[in-house]
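I opened this model to look up its helix contacts, then its overall dimensions and the record for its sequence. My entries follow in the order I made them.

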Amino acid sequence: MTVTLERPATRRPGRLLAAAQLAGSLGDGAFLTCSVLFFTRIAGLTPAQVGLGLTLGWAVGSVAGVPLGHLADRHGARGSAVLLALATGTSILAFLVVRSPLPFVMAACLYGSCQTGLAAARQALLAALADPERRTRVRAHLQSAGNAGLAVGAGLGGLALAADTASAYLTVFVLDAASFVVTAALLYALPAVPASSASRTGEPKLAVLRDRPYALVTVLNAILLLRMPLLSVAIPLWIVERTAAPGWTVSALFVLNTVVVVLLQVRVAGRVASIGSAARMVRRSGVLLLASCVAFALSASGTSPWTAFGVLAVGALVQVLGEMLQSAGSWEIGFALAPADKQGQYQGFFGTGTSVARAIGPVLLSTVVIGWGLPGWLLMGAVFAVAGWAMGPAVRWAAATR
């Protein structure tokens, strides 16, 4: 029998999960802010080598997430999450001794695999500790904690960028590795989760790979998750290369996104009442992402810095609203359609959307948006709207086959 994390007797697990999310995100925020400069200026790699290595790392991670999630199902989500958190910290330290392309790719593959496996194990842990009707709301609390950690970590990474010394970058990497040790300790303090029973005779071990309706839902979610590199890669390049907005607009929009998610994500997630309402949320998110793309495209019109900033700010507000709706709806869909005894492998598969978006998003969006301009923005917006609309029929098909 599962229990709700928000009941008085089980608030401590909820706080521990949030603290673990905060700790890992704090380290990640610092790492993501300055890792590329460390790799190019200290490790001596070229930007192309760094880009290829990270792309391969996340690609391998997207494949590894399913079997690692399956191991979490079979051997217990808590123990698997603890081990994967420690392995993530180790993979970060491995970057410190990398000075050539091949070892860098190997370290990136280890890092991507550990990160995706840890995400799957934590999702399985949450699914086991929370009642189904509360999972999405609890997941929103974790998302808010994660965003807060990323913001603080980015500030710490900014200090390393300002110092621009090998010792400063070294400190950031050690901090990130230490944050995952703390994450492991917090996860270990959670209640133990029983492992699932072995697969029945004739039943595939990785059943999710044969679940076509769930695969379609995952693909649509991956398309919508292209909003992540849209915010982190495409929009900063667009601001600098195509608009008259001041340079600090990039930081301002990042802060705006983080603050809104921290303040409102839990409230938005509280509106999810069923898998049907979740699908409608995702559909509305596609429309909002389309509207935000139109606003971003229009920001290149005119020569006034303040007008450009205002249009970009409006686009960012619409985008973050679409982001919160998409997040809340997809969490509910990913949990609700997964068998209770296979949450690890199903969450590992569903989480490949994040890895795919990280792997192909920067190149795709840079080409379509920065290269094509207004037509590229309209095309991306249309893709978001179509994917959001298609989620409804896909969810109904998947629900009918459960």
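This is a predicted model: local features need pLDDT of at least 70, side-chain atom pairs count only at pLDDT 80 or more; totals for chains, interfaces and linings use all residues.

Entry 1, α5 against α11. I listed the residues in contact: on α5 they are Arg135, Thr136, Arg139, Ala140 and Gln143, and on α11 they are Ala328, Trp331, Glu332 and Phe335. I sorted this contact by class and got 4 nonpolar, 2 polar and 3 charged residues.

I then took the geometry of the pair. Helix α5 covers residues 135–163 and helix α11 covers residues 305–336. Their axes come within 9 Å and cross at roughly 130 degrees. I noted α5 as oblique to α11 because of that angle. The crossing of α5 past α11 is right-handed.

Helix α13 runs over residues 352–372, and helix α14 over residues 374–400. I found their axes coming within 5 Å, with a crossing of roughly 135 degrees. At that angle α13 is oblique to α14. From α13, the contact takes in Leu365, Val368, Val369 and Trp372. From α14, it takes in Leu374, Pro375, Gly376, Trp377, Leu379 and Met380.

I looked up helix α2 at residues 47–75 and helix α4 at residues 101–129. The axes come within 6 Å and cross at roughly 35 degrees. I logged the α2 and α4 crossing as right-handed. The contact of α2 with α4 has 16 nonpolar and 12 polar residues, and no charged residues.

How many helices and strands does the chain have? I counted 14 helices and 0 strands. Read along the sequence, the pattern is therefore α-α-α-α-α-α-α-α-α-α-α-α-α-α.

I checked the dimensions next. The C-alpha trace spans about 65 × 50 × 40 Å along its principal axes. For 402 residues, a compact globule would have a radius of gyration near 21 Å; I have 20 Å for the chain, which agrees.

I looked up the sequence in UniProt, where an unreviewed entry places the feature "transmembrane region" at residues 50–69, 81–98, 142–163, 169–193, 214–239, 245–269, 281–300 and 378–399. I checked two of these spans against the model.

Residues 214–239 are 92% helix and 0% strand, and the C-alpha atoms at the ends are 37 Å apart. Residues 378–399 are 100% helix and 0% strand, with the end C-alpha atoms 32 Å apart.

Key: Residues are numbered from 1 along each chain as its sequence is written. Side-chain values use heavy atoms; hydrogens and water are left out. UniProt positions are given in the numbering used here, feature names are shortened, and annotations may be inferred rather than shown by experiment. Helices (H or I, at least four residues) and strands (E, at least two) are DSSP runs, numbered from the N terminus. Axes are lines fitted to C-alpha atoms, for helices over the stretch in contact, and angles run from 0 to 180 degrees between N-to-C directions. Angles under 35 degrees count as roughly parallel, over 145 as roughly antiparallel, 65 to 115 as roughly perpendicular and the rest as oblique. A crossing is left-handed if the near helix is turned anticlockwise from the far one by less than a right angle, and right-handed if clockwise. Contact means heavy atoms within 4.5 Å. Ala, Val, Leu, Ile, Met, Phe, Trp, Tyr, Cys and Pro count as nonpolar, Asp, Glu, Lys and Arg as charged, and the others, Gly among them, as polar. The radius of gyration is taken over C-alpha atoms; the globule rule is 2.2 Å times the number of residues to the power 0.38.
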